[in-house]
Every structure is written in C-alpha cells, then in structure tokens.
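Reader: Could you take me through this model with care, giving the cut-offs behind each term as it comes up?

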Amino acid sequence: MIEISFLCSLFLFLIIGLSSMLKSKKTTEDYLVAGKSIPAWLAGLSAVATNNSGFMFIGMIGLTYATGLSSIWLMLGWIAGDLMASLFTLKPLHAASRKNKIHSYGELLAHWHGGENHGLRRLVGLLTLFFLTLYAAAQFKAGSKATSVLLEWDPTWGILISAGIVLLYSAAGGLRASIWTDAAQSFVMLIGMAMLITGGIELAGGWTLALDKMDSVDVNFLGWFPDKDWIGIMLFIAGWVFGGFAVIGQPHVVVRFISLKDESQINRMRCYYYGWFTLFYGATIMVGLLSRIAFPESASFDSELALPTMAQLVLPDILAGMVLAALFAATLSTADSLVLSCSAAVTRDFVRLPGKMHSLWAAKLTTASVITVAVIIALTGAESVFSLVLDAWGLLGSAFAPLIVLQALGKRIPQPVSISMVIAGVGVFLLWQQVGWGGAIYSVAPGILTGFFVYILFKLVGSERNAESVANES
C-alpha cells in the first residue's frame, strides 16, 4: 500500500511540474529564470523549499535525533542570518537583475554595476558548476535514503529514478517546473510533519510522558545549549548565523529572488518565506526529538533515516507514502534548481558573446550532463547528506556572499580584488575544515570574514599608494 500511495503521489507532483510547459515561452530566459514573472507567494515558498529540502528533512532531523534540543540554535541562528542578508541585499539585487537583464548568478556578480569582468564571471561560473553539482548529489542521496527505508529499494535505484525525473522536469519547464513543484510539496510536507508530531506524541503516551522520556535519554538531550563552555556556545551560535547569511551566496536560491515579478512584492515574499521557514524548522526539531524516544539510538542506526522510519512507525501506509513522495519531490525540485543554475553557469558565464551556447538546446544538454555527474558522485560518495550540503553551502557562501553585500552597498570592486576575495574565501573555508576547526564554528564564518578582510586590505593599500602619489607630486 505504501508503494502505491508513494507512486500515485509522486505522479501527481510530476504532473504539476510538467504542467508548467503550458506557460513555457520556449525561451532561454523563461527556462532559466521563469521569465522573471513569479508572484510573491510562489517565490517565497519555492525559496524555502529549495533552501532546505533534503538538508532539513533528512539532515536536520538526523542532527536533532543525535544531539537533542541544542540543534534549535541552528534554526534560530540560520533564520537570523538569512534575514540580515535579505535586508541588506534583496532590493538592490533585484533591481540590478532587472537593469542588466541577468540570467545567471555569474552575470549578476560580474555586471552589477556595468562593465564586463569576464575573468570574474568565468570563475564564478566554474565554482557554481563544481559546488552545485556536489549539492545536487546530496539531494539525490537524500531521496534514496527515504526510499530505502519505506520501500526497501536499493539506494542505487532511488538515485537513478531521482535523476530520471529531474531530467524530465528540466526538459519540460525549467525553473518554473521546479518552483511549481516546490510549492505543492511544501503544503504536503507541512501537513505530513504535523501528522508525524501528532503520531509521535500519541505513541509516547501523551505530551507529558513524551517530555519525561526525552529527559531520560541523556542529561544534555533537552539542554538548550551544546555541552561546551560559554565561548564555545557563542562560537557555535555565531557559526549558524553566518550559515544563514550565506544564503546570498547560493545561486539556486538567489535565482528565485531574481525571478520575482517586481520589487513591490519583496516584503510580501519575505512574509511567506520566513513564516514557512519557521514552521518547517520548528516541525523538524519536534520530529527529531520524538523520533529519538520512538526508536532509541543504536550503533547501527543511521540518524538520517529518522524521518522515514518515523513515518513508517506512526502513519497509516497511505499517508506514509504521501509524506515519502513529498520528501522525494522536495529533493528532486531542489536538485532541478541546482542543475539549472549549473546549466546557466556553463551556457552564460563561460562564453563572451551570444551564440549557440546561449540557446535553449545547449542549456538542456548541459543540464543532462550535470545530472550525470551528480549521479556518479551520489553513487560513489560516502559522506552524509548533512555534511555534503553544509560543505557545498559553506563554500558558495564563503566565495560569493561578501561580493554580493559590498555590491548591494554600492561598492564598485575592481575585478582583481573580486577574484582575490573569492579565492581567499574558498581557501580559508577549506583550510578551516582541513585542520578540524569546523567543530568550533561553522567554517563559512571565517570564509565570509576573509572576503571582507581582503577587500579592506586592498582599500588600505590603494589609499596608501594614492597618498604616496600625491606626496611625490607635491
């Protein structure tokens, strides 16, 4: 019964995505940025869905299952950082995308204030392609984890089926197909999470008994803070604030903001975005806590299987199938967004002049190639969904967030300085991870700060040179 419910629900989500063909204008702009005609509610729900999906429903629930209530600081810090980034950059970003006819993230960074900046654009395109392909692999892996528990499918089949459906989405409606599916699965997943919470509380014997059982799991399980000293706690929270701030470095999320119909809808979109974001995050934490008392931790249990295992335990087969299908659709629509951003990077950022590479068929062929590489990574990589997403997210944020902020503040950054900022941010993130300091503070924090430091350093050096020139002339 679960399989029938899953397949029927998944077919419905697929039809919703494919129906976007009815509004398709068969242009590259429509394929990559949905004709920049998306209303506030769709843009908001889609941005939340693509921002999280596999990370939230597989990774975040798994983290809460393993660590307890202290995971709430990831939610609070992330949303606070995300809001700060939005207030600083969203209106200037949207205006720049309209003024300069932007279709890719690389175009946005390179042409914000005019000029060509081909070197920067190609570097942004290259990093976007590399990091988002890794991110897409994490989404395929998240979908396969759900199907392996509830349907007992081999993970390989889950990954291959995911890739096949994403290929259909991409060929059909591009970004619009992804946005429509995002909105549909958001409603189903929110209802599903509410049912999981209700079922988990009933399984525990009521809310009071549930709290007692959580309290007995571990002395720190219901603690508000991780088991660190106060400096460690502050660094822990600050890291997640920077994690949320890094949202403006994510091409697949920013493209939703670019696709928004007009600037007057930005505040309305924020209401949908942060309202849905808070509901989803709160629900995932509750499901993670309840999962831990429903099936205690063991050495052989993968904590990232908590959601599908919980669904199988507390929901009727037909509802479990629907929740699984919504989760599966969430990972697919996010993967679709990621590969579309990669497609935009290849077809728009690696070439100087419009031509065959700017055509619709070139974008679709590139999309298929990126999907193939992502599948190979998902099949061969051993990393968890949580780790894969945090690494890709952090690398993108470290590379691009400082550039977006400074350009939104009206700063015109010379191309050599921009390239230095990007390379230094990525380098520091990787170094921080390599030496093992990511456990103290999320590595995106030093990565982003390094970008700003490089900019300030170049400004100071430039000021000194100007002062010396004036002194020599006098």
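**Helix packing, burial and contacts**

Author: Helix H3 (residues 40-51) and helix H13 (residues 266-294) pack with their axes 8 Å apart and at an angle of about 35 degrees. The axes are lines fitted to C-alpha atoms, for helices over the stretch in contact, and the angles run from 0 to 180 degrees between N-to-C directions. This is a predicted model, in which local features need pLDDT of at least 70 and side-chain atom pairs count only at pLDDT 80 or more, while totals for chains, interfaces and linings use all residues. Residues are numbered from 1 along each chain as its sequence is written, and side-chain values use heavy atoms, with hydrogens and water left out.

Reader: Which hand does the crossing of H3 and H13 have?

Author: A crossing is left-handed if the near helix is turned anticlockwise from the far one by less than a right angle, and right-handed if clockwise. Residues that make the contact include Trp41, Leu45 and Val48 of H3 together with Tyr272, Trp276 and Phe280 of H13, where contact means heavy atoms within 4.5 Å. The crossing of H3 past H13 is right-handed.

Reader: At what angle do helix H9 and helix H15 pack?

Author: H9 covers residues 175-204 and H15 covers residues 317-349, and their axes lie 8 Å apart. The crossing of this pair is left-handed, and the residues in contact include Leu175, Gln185 and Met195 of H9 as well as Leu319, Ala330 and Leu340 of H15. The angle between H9 and H15 is about 150 degrees.

Reader: How many helices does the secondary structure of the chain come to?

Author: Helices (H or I, at least four residues) and strands (E, at least two) are DSSP runs, numbered from the N terminus. On that basis the chain has zero strands, and its helices come to 19.

Reader: What percentage of the residues in the chain is buried?

Author: Buried means under 20% relative accessible area, exposed over 50%, and partly exposed in between, with a 1.4 Å probe and protein chains only. Applied to the 474 residues of the chain, this gives a buried share of 58%.

Reader: Which residue forms a salt bridge with Glu107?

Author: A salt bridge is a side-chain nitrogen of Lys or Arg within 4 Å of a carboxyl oxygen of Asp or Glu, and a search of the whole structure finds one. Its closest N and O atoms are 3.3 Å apart, and the pair ties together parts that are 14 residues apart in sequence, because Glu107 lies in helix H6 (residues 105-111) and Arg121 in helix H7 (residues 118-150). The partner of Glu107 is Arg121.

Reader: Is Lys91 buried or partly exposed?

Author: Lys91 is found in helix H5 (residues 72-99) and, leaving aside neighbours within four places in sequence, is in contact with Glu263, Ile266 and Asn267. At 38% relative accessibility, Lys91 counts as partly exposed.

Reader: Is Gly439 buried or exposed?

Author: Gly439 is found in the loop between H18 and helix H19 (444-473), and its C-alpha is separated by 8.2 Å from that of Phe236, 203 residues apart along the chain. At 55% relative accessibility, Gly439 counts as exposed.
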